[in-house]
Amino acid sequence: MSTITGQVIRCKAAVAWEAGKPLVIEEVEVAPPQKMEVRIKILFTSLCHTDVYFWEAKGQNPVFPRILGHEAGGVVESVGEGVTDLKPGDHVLPVFTGECKECAHCKSEESNMCDLLRINTDRGVMIHDQKSRFSINEKPIFHFVGTSTFSEYTVVHVGCLAKINPLAPLDKVCVLSCGISTGLGATLNVAKPKTGSSVAVFGLGAVGLAAAEGARIAGASRIIGVDLNANRFELAKKFGVTEFVNPKGYKKPVQEVIAEMTNGGVDRSVECTGHIDAMISAFECVHDGWGVADLMGVPHKDAVFKTSPLNLLNERTLKGTFFGNYKPRSDIPSVVEKYMNKELELEKFITHEVPFSEINKAFDLMLKGEGLRCIIRMDA
């Protein structure tokens with residue numbers, strides 16, 4: 001790797017040229033890392049629904065041409081000026097949000113919402129000089145959430161990289177750089193169910209199943225999965241879900257159904273859909289006196305949360321969470337260790353694998369609702 005340090009690298013990347021059109025494998029130029037930046041060689045990446053959402057560009061600002069991707073694992077190739085805690089050869093997970101370690105949020109034990117490196121889906125350039133590190137024939141290709149992992153090499157701010165155990169298999173732990181950590185942390189770090197408690201999980205996609213996995217790890221005795229797709233229940237059993245509720249099967253609000261099932265409500269609920277009705281139901285289905293509802297789905301920008309103030313005065317707690325309340329640099333390495341110590345099972349989240357040349361197959365699988373996570377091998 002030393003022979004290319006400080007030089008432009010030519011490599012393959014999957015470029016999204018316009019909304020909703022198949023990605024195109026192109027040869028791109030990747031510039032050397034600048035101040036507080038790191039250039040990494042991506043070995044494995046995964047497709048998350050957020051990639052598809054911004055690829056479709058429905059309801060957001062379209063930023064194209066762009067290199068998507070934000071769940072991945074790789075190896076440091078070179079570091080820019082000011083980077084002291086990473087060196088070539090280190091194994092890292094790039095994360096869509098960051099930890100500068102200097103702002104008020106980073107210094108707080110309660111927050112992970114870094115002022116400098118918080119997710120910005122509209123920004124297609126690096127913070128240091130407002131320029132892209134990717135180009136084709138000297139024309140810039142935009143970045144995505146500071147990671148752009150659908151490229152054999154990418155440049156990331158050092159604050160968005162978690163240095164991990166080099167023995168951890170990157171083709172497994174790469175899924176911890178977004179969705180799985182988001183769901184897991186929402187339960188373990190925010191909802192915090194106690195041993196023997198009851199938990200309702202709204203939405204049984206990959207993030208919701210990770211939330212259920214967190215409830216299982218915490219020792220919950222009842223994990224109630226709520227989803228409009230009854231076909232998801234069988235798979236959900238592998239993640240500790242004990243009961244299933246399909247709101248379409250009842251004439252009354254699902255929060256009333258859950259309250260009847262649990263003698264007044266569940267101890268904890270975790271909402272993973274972003275649908276406002278599910279958010280309200282998740283809050284109203286927790287038990288008065290001690291129930292805690294944790295919301296992590298992203299609703300429509302015009303959505304309004306409506307509930308009776310009495311639900312709060314009766315000592316229900318409503319919380320929200322972002323990336324499972326994990327600080328990327330400080331906390332994600334310990335989540336990787338949970339996997340290494342066999343406390344956390346990641347294999348059951350990985351349902352498909354494709355070579356980089358067939359990355360569009362991963363999009364097809366997600367659009368059809370098939371599987372949970374598809375690993376994309378960059379060397380194939």
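Residues are numbered from 1 along each chain as its sequence is written, and side-chain values use heavy atoms, with hydrogens and water left out. Because the model is predicted, local features need pLDDT of at least 70 and side-chain atom pairs count only at pLDDT 80 or more, while totals for chains, interfaces and linings use all residues.

Take the antiparallel sheet to begin with. Four strands make up this open sheet, running β1-β2-β6-β7 (strands are DSSP E runs of at least two residues, helices H or I runs of at least four, both numbered from the N terminus; two strands pair if DSSP finds at least two bridges between them). β1 (9-15) and β7 (139-141) sit at the edges with a single partner strand each, so one side of each has no neighbour in the sheet. Neighbouring strands here are turned by 50° against each other on average, direction ignored (axes are lines fitted to C-alpha atoms, for helices over the stretch in contact, and angles run from 0 to 180 degrees between N-to-C directions). Seven bridges join β1 to β2 (residues 24-30) in the antiparallel sense, and Val15 stands opposite Val24 of β2.

The other sheet is parallel: six strands, open, in the order β12-β11-β10-β13-β14-β15. Its edges are β12 (243-245) and β15, each pairing on one side only, and the twist averages 20° from one strand to the next. β10 (residues 198-202) and β13 (residues 268-271) share four parallel bridges, with Ala200 opposite Ser269 in β13. Helix α5 (residues 206-218) packs on this sheet, touching β10, β11 (222-226) and β13, and its direction makes about 170° with that of β10 (contact means heavy atoms within 4.5 Å).

Over in helix α4 lies Gly183. This glycine is buried, with a relative accessible area of 0% (buried means under 20%, exposed over 50%, partly exposed in between, using a 1.4 Å probe and protein chains only). Beyond its neighbours within four places in sequence, Gly183 touches Val207, Ala210, Ala211 and Met296. Its C-alpha atom is 7.8 Å from that of Cys272, 89 residues away along the chain.

Helix α4 (179-191) turns up again at the second largest pocket, where α4 and β15 (317-320) each supply at least two lining residues. The lining, which includes Glu110, Asn189, Lys319 and Phe322, splits into three nonpolar, six polar and three charged residues.

How values were computed. 1 Å grid on protein atoms, 1.4 Å probe; cavity = no way out; pocket = protein on both sides within 12 Å on 5 of 7 lines; lining within 4 Å. Nonpolar A, V, L, I, M, F, W, Y, C, P; charged D, E, K, R; others polar.
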